Amino acid sequence: MSAKPKLYYFDGRGKMESIRWLLAAAGVEFEEEFLETRDQYEKLLQSGSLLFQQVPMVEIDGMRMVQTRAILSYIAAKYNLYGKDLKERALIDMYVGGTDDLMGFILMFPFLSAEDKEKQRAFIVQKATSRYFPVYEKVLKDHGQDFLVGNNFSWADVHLLEAILMVEEKKSDVLSGFPQLQAFKARISSIPAIKKFLESGSQRKPVPDDKYVETVRRVLRMYYDVKVN
């Protein structure tokens with residue numbers, strides 16, 4: 001296996017994007033193999049590398065890891081982004097879990113019809129501003145520190161910044177009522193490793209386009225339309 005972590009996924013965000021973010025935040029260089037055909041996917045399945053027949057998959061430290069949360073937890077622990085003790089780790093897990101819930105509303109957005117996209121856009125902004133962002137705004141205000149947990153940069157900070165930027169793509173002024181989060185966004189974005197990842201030409205993926213959607217549908221044989229309630 002490569003000395004660098006190797007990521008197997010589509011040339012787009014999806015569930016792999018948070019893994020890219022966390023590796024970048026840790027200052028870790030990584031390689032990627034993009035799935036473009038059904039044959040590529042079938043070969044991975046036949047090799048037994050995809051434990052649950054799903055991607056993302058990451059080759060790291062002699063392992064072929066699947067399940068996004070397991071991969072992220074491993075990276076966070078390996079690169080000291082997972083708190084200093086069990087209590088801090090529990091807080092990080094809670095905050096990451098909440099952010100995951102919010103990001104889940106965005107994950108399937110590219111696969112919706114035009115009509116459903118408008119409904120989902122409003123739903124995402126409503127949930128962000130009424131359920132999720134108020135939590136982090138209060139946490140930052142109450143403890144008065146630069147980071148969410150233990151006044152040290154952690155996985156929770158990386159995940160929240162990623163989510164903020166994703167929601168801002170749906171509504172650019174979504175943080176207008178959240179001064180603590182505005183300051184947090186500026187602060188975390190200025191960390192050198194994060195700043196580098198946000199620059200043009202990095203391995204950060206753009207907003208998913210029609211080509212990405214078409215590739216995912218073809219490789220995974222998604223012959224149905226995603227619906228929202």
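Tutor: Before we start, one term: a residue is buried under 20% relative accessible area, exposed over 50% and partly exposed in between, using a 1.4 Å probe and protein chains only. This is a predicted model, where local features need pLDDT of at least 70, side-chain atom pairs count only at pLDDT 80 or more, and totals for chains, interfaces and linings use all residues. Residues are numbered from 1 along each chain as its sequence is written, and side-chain values use heavy atoms, with hydrogens and water left out.

Student: Thanks! Is Lys195 buried, exposed or partly exposed?

Tutor: Lys195 counts as partly exposed because its relative accessible area is 48%. Lys195 sits in helix H8; helices (H or I, at least four residues) and strands (E, at least two) are DSSP runs, numbered from the N terminus.

Student: What does Lys195 touch?

Tutor: Leaving out residues up to four places away in sequence, Lys195 touches Ser189 and Ser190. Contact here means heavy atoms within 4.5 Å.

Student: And how far is Lys195 from Ala24?

Tutor: C-alpha to C-alpha, Lys195 and Ala24 are 9.8 Å apart in space, while 171 residues separate them in sequence.

Student: New topic: which domains does the chain have?

Tutor: The assignment gives domain 1 (6-79 + 198-220) and domain 2 (86-191). Such bounds come from an automatic or database domain assignment. The C-alpha centres of domain 1 and domain 2 are 22 Å apart, and their contact takes 21 residues from domain 1 and 19 residues from domain 2.

Student: What is the volume of the largest pocket?

Tutor: About 880 Å³. Of the 39 residues lining the largest pocket, Tyr9, Gly14, Lys15, Thr68 and Leu107 are the closest to its centre.

Student: Which element gives the most to the lining of the largest pocket?

Tutor: H4 does, with 5 residues. Elements that give two or more residues include helix H1 (17-25), helix H3 (68-78) and helix H4 (86-107). Domain 1 and domain 2 each supply at least three residues to this lining.

Student: How many of the lining residues are nonpolar, polar and charged?

Tutor: The largest pocket has 22 nonpolar, 8 polar and 9 charged residues in its lining. Ala, Val, Leu, Ile, Met, Phe, Trp, Tyr, Cys and Pro count as nonpolar, Asp, Glu, Lys and Arg as charged, and the others, Gly among them, as polar.

Student: What about the second largest pocket: which helix gives the largest share of its lining?

Tutor: Helix H8 (residues 192-198) does, with 3 residues. The second largest pocket has a volume of about 300 Å³, and Ala24 is one of its lining residues.

Student: Last one: which residues of H9 are buried?

Tutor: Tyr212, Val213, Thr215, Val216, Arg217 and Val219. Their cover includes strand S1 (6-9) and helix H2 (38-47). Thr215 counts as buried because its relative accessibility is 12%. Not counting residues up to four places away in sequence, Thr215 touches Phe10, Leu35 and Glu36.

Conventions. On a 1 Å grid over the protein atoms alone, a cavity is a set of points where a 1.4 Å probe fits but cannot get out, and a pocket is an open set with protein on both sides within 12 Å along at least five of seven lines; lining residues have an atom within 4 Å of a point. Grid points are joined across faces, edges and corners, and a volume is the space filled by probe spheres set on the points.
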